[in-house]
Amino acid sequence: MVAFLGDLKEEDIWRIVAFIRSLARHDIQDIPGDRAAGEKLFWGKGACGGCHAGNSKGGRLGPELTRVGRERSLAFLRESVLTPNNDLRPEYATITAVLRDGTRVVGVGSLDNFTAQITDAAGNYYSFSRSDLASCVRELKSLMPDNYSQLLKPAEIDDLISYLVSLRGAGATR
Amino acid sequence: MKAAALFVMLMAAVFAASTVSEQNLRDAQADPANWLTYGKNYLGWRSSDLTEINTKTVLRLTPQWIHQTGVSGQHETSPLVFGGKMFVTGPSNNAFALDLLTGKEIWHYHKAPPAGLNMCCGEQNRGFAALGDRLFKLNIEATLVALDARSGAELWERQMADHRKGYTATGAPLVVKNKVVVGMAGAEFGTRGFIDAYDAATGERVWRFNTIAAKGEPGGETWAGDSWEHGGGSTWTTGTYDPELNLIYWGTANPGPGLDGDVRGGDNLYTDSLVALDADTGKLKWYFQFTPHDTHDWDAVEDPVLIDMMVKGRKVKAVVQANRNGFFYALDRTNGQFLHAAPFTKITWAKGIDAKGRPIVVPGLDPSEEGTKVCPGLGGGHHWHPTAYSPQTKLFYFNTTDGCEVFYRNKQAFHEGQWYQASTETSIPSEPSAGAVLAVDPATGETRWRFDMVTPASAGMLSTAGGLVFTGDGQGYLLALDAKTGKPLWHFQTGGRISAPPITYTLNGKQQIAIAAGTSIVTFALMP
C-alpha cells in the first residue's frame with residue numbers, strides 16, 4: 001500500500017477514517033427469527049449441513065460457514081439462501097462430466113485444459129482425463145437448490161438467517 | 001601437421017560456439033542448434049527449423065531435467081542457449097548459467113533490488129541478450145548490466161533513469177550491431193517513456209528515443225497543456241530488427257494516467273504505438289498508433305513480427321501484431337502504412353478499423369465513476385506473451401484472453417514516484433474470462449483455427465518445422481498443438497504456472513524443448 005503521509009491533510013485523513021467506519025456492520029441488531037429453530041432447520045428440513053460445514057460439522061461441497069456471520073452482511077446471507085446463483089464464486093461452479101458410457105458425474109472441483117477433478121454431492125471424488133470423457137462442462141450455476149423460498153416458510157427463512165448470523169467462529173459471542 | 005591444423009580448427013569452432021557475433025545474430029534462423037536472441041531471429045518469429053520432435057514423435061517427449069531457481073516470483077524468462085550453456089534470468093535481479101546436459105548451476109548472478117521500489121507489476125525479467133562473450137540484462141531498478149558469460153561477473157552497469165520516480169525495467173534487451181537496445185517500464189507512475197541504445201563494449205548511451213512527444217516537438221500538439229510531462233508510454237518488452245532496412249521496431253505502452261483521459265486531451269503520441277527507429281541514430285522513421293487517446297490501458301508492446309508476404313497480390317515487407325485492444329494488425333514495415341486489421345476476440349469499444357487504420361470508436365465507453373463495462377478487459381485480447389510465426393504453415397500464432405471488465409475512473413493528482421493511473425478495473429464474477437490459442441493468416445487477418453482454453457492466456461509461443469506449436473497455460477501445462485489444425489497432440493503438467501515462452505535447441509544433436517514453469521526451468525527431449 002502506498003504511504004499517504006504528507007499527501008493528505010489531517011481533515012482528509014479523518015474523512016477516510018469516518019468512511020471506513022461507515023462500512024462496519026450495523027445490520028445485525030434487530031434480526032427477526034429464532035436462532036435455535038434456524039439451527040434445527042440447517043441440519044434438518046433445510047438439509048444445509050449436507051453441503052456446508054459449521055464448527056467442524058457438516059459437508060464440504062459448499063462454502064465453510066463457521067465464521068460466516070462475522071464475515072457477511074445480513075443482505076448477502078439472505079440473498080445467498082434465496083438466490084444462490086446471484087453471486088457465485090467460480091470454485092463453486094457446477095462441473096458436469098459425461099463418461100463415454102453415458103454416466104453423468106456432477107459436482108464441484110477443478111477443471112483445466114486436460115483434466116477434471118470433481119467431488120459430487122455424496123462426497124465421492126473423481127479425477128478424469130478429459131480425453132476419456134464424452135463431454136465436460138463447467139457452468140456458473142450453484143449446486144445449491146434455488147427454491148428455498150418455496151421449500152421454507154418466510155418465518156423459517158428468518159430463523160435460518162438468524163442462525164447463520166450467529167456463526168461467528170469457535171467461542172465467539174454476538 | 002594435419003592433426004595440429006585440425007585441432008586448431010576444432011578449437012576455433014568450439015570458441016565460436018561459445019560466443020555470439022553480430023553475424024551469428026543475423027544468421028540466427030540458420031542456427032537451429034542454439035537460441036541466440038529473444039525472438040529466435042531478428043524478425044521475432046520464434047520458429048525453429050528443427051524437425052526431430054514432430055507431429056509423429058511428440059508423444060515420446062519426456063522431461064530431461066528440472067532446475068529450481070530458488071527465486072520466488074513469476075518467471076517470464078526466454079532463455080538463451082549457446083556454448084553448451086543455457087542462460088536464464090529470474091525475478092528480482094537474479095540470473096543463472098546452467099549446464100545444458102544436467103541443468104546444474106554454473107553461476108548465479110544476484111543484485112539486491114533497492115528497498116521500497118514502486119512498480120506496477122512485480123520484479124520479473126524476460127531474458128538476456130548476448131554479444132561476444134557478454135550477456136546483457138535489465139535490472140528492476142532501471143539499470144542495464146553487462147555480465148561475463150563465462151563467469152557471471154558484472155562488467156558494467158548503467159542507470160537508465162531514476163527508479164525513485166517510478167522508472168523500472170523488465171524486458172529482454174535486443175543487440176543490434178554493437179549496441180544494446182532496451183526499453184523501460186513505469187507508465188503507471190507518470191514517467192516519460194523511452195527506448196535507449198548503449199554501446200555494448202563501454203555501456204555508454206548512444207541514443208535515446210523519447211516515446212512521449214514534448215511540447216514543441218512533432219507530435220507534441222497531441223497532448224493538452226503540459227500533460228505530456230507525465231505521459232507514460234513505456235517500452236517494457238523487446239522489439240525486432242530488419243537488417244536490410246536498418247530499422248528497429250518497438251511497441252509503446254499506455255498513456256498516463258491510464259484511465260482518466262480528460263486530463264490529457266488529444267491522441268497522446270507516441271503511446272500505444274509501433275515506432276520504427278533508425279538503428280544507428282534512434283531517429284523516428286515512422287510510427288503507427290493503434291489506440292489513439294487510450295483510456296483502457298491497451299499497450300501496444302506485443303511482439304512486432306516481421307514477415308514478407310503477399311497481400312492482395314502484392315509482395316509486402318510487413319510487420320504484424322496481435323494488439324492488446326483486440327485487433328490483429330498488418331502494416332507495411334517500410335513506411336508504416338496500414339494494410340489490414342481484424343478482430344480476434346469480442347470487442348465492444350470499436351465498430352471496426354477505418355481505411356487508414358484508425359479505430360471507429362463507440363462513444364460512451366470511457367471509464368466512469370460508476371463503472372463502465374468494456375470488452376476486452378484491461379489485460380486486453382492479447383497481452384505481452386511472445387507470439388510465433390511459422391514459415392512452413394505461413395500462420396501467426398498467439399494466445400488470447402476472451403472477456404470483459406468494468407473500468408472505473410477518478411480524479412488523481414500527480415505525485416512524483418507515486419501510482420498514477422486514476423482508478424482501476426474489476427473483473428465480472430458472473431462472466432469469467434477464458435483463453436485460446438489462435439492461428440491467424442497474417443496476409444488476411446483470418447483466423448484459421450483456435451484451441452480453446454479454460455483460463456486466460458499466460459504463456460508464449462514456439463513454432464517448429466516439425467509441424468508443432470508449443471505453449472503453456474496458467475495451470476502448469478506445457479502443450480504441443482498441431483500447427484496446421486490446432487489439435488492437441490501432447491501435454492505435460494509441470495507443476496507451476498507457465499508465464500514464459502518455450503524455446504528449442506539441440507544437445508549432442510538431439511532436439512530439446514525448454515520452458516520456465518513456476519520457479520523452475522524444465523527441459524524435454526524424445527525418449528529413445
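Which strand of chain B pairs with strand β16 (residues 247–251), and over how many bridges? The partner is β17 (residues 273–278) of chain B, and the two run in the antiparallel sense over five bridges. This is a predicted model, in which local features need pLDDT of at least 70 and side-chain atom pairs count only at pLDDT 80 or more, while totals for chains, interfaces and linings use all residues. Residues are numbered from 1 along each chain as its sequence is written, and chains are lettered from A in the order in which they are written.

**Sheet in chain B**
- Strands β15-β16-β17-β18 of chain B form, in that order, an open antiparallel sheet of four strands, where strands are DSSP runs (E, at least two residues) numbered from the N terminus and two of them pair if DSSP finds at least two bridges between them.
- Because β15 (240–242) and β18 (284–289) of chain B stand at the edges with a single partner strand each, one side of each is left without a neighbour in the sheet.

**Contact between the chains**
- Chain B contributes twelve residues and chain A nine residues to the contact, two residues being in contact if their C-beta atoms, placed from the backbone, lie within 7 Å.

**Confidence**
- The mean pLDDT of chain B (the predictor's confidence in each residue, from 0 to 100) is 95, and 97% of its residues reach 70 or more.
- Over residues 6–16 of chain B, pLDDT stays under 50, and the model has zero contacts beyond four places in sequence for them.
- The model scores ipTM 0.81 and pTM 0.90.
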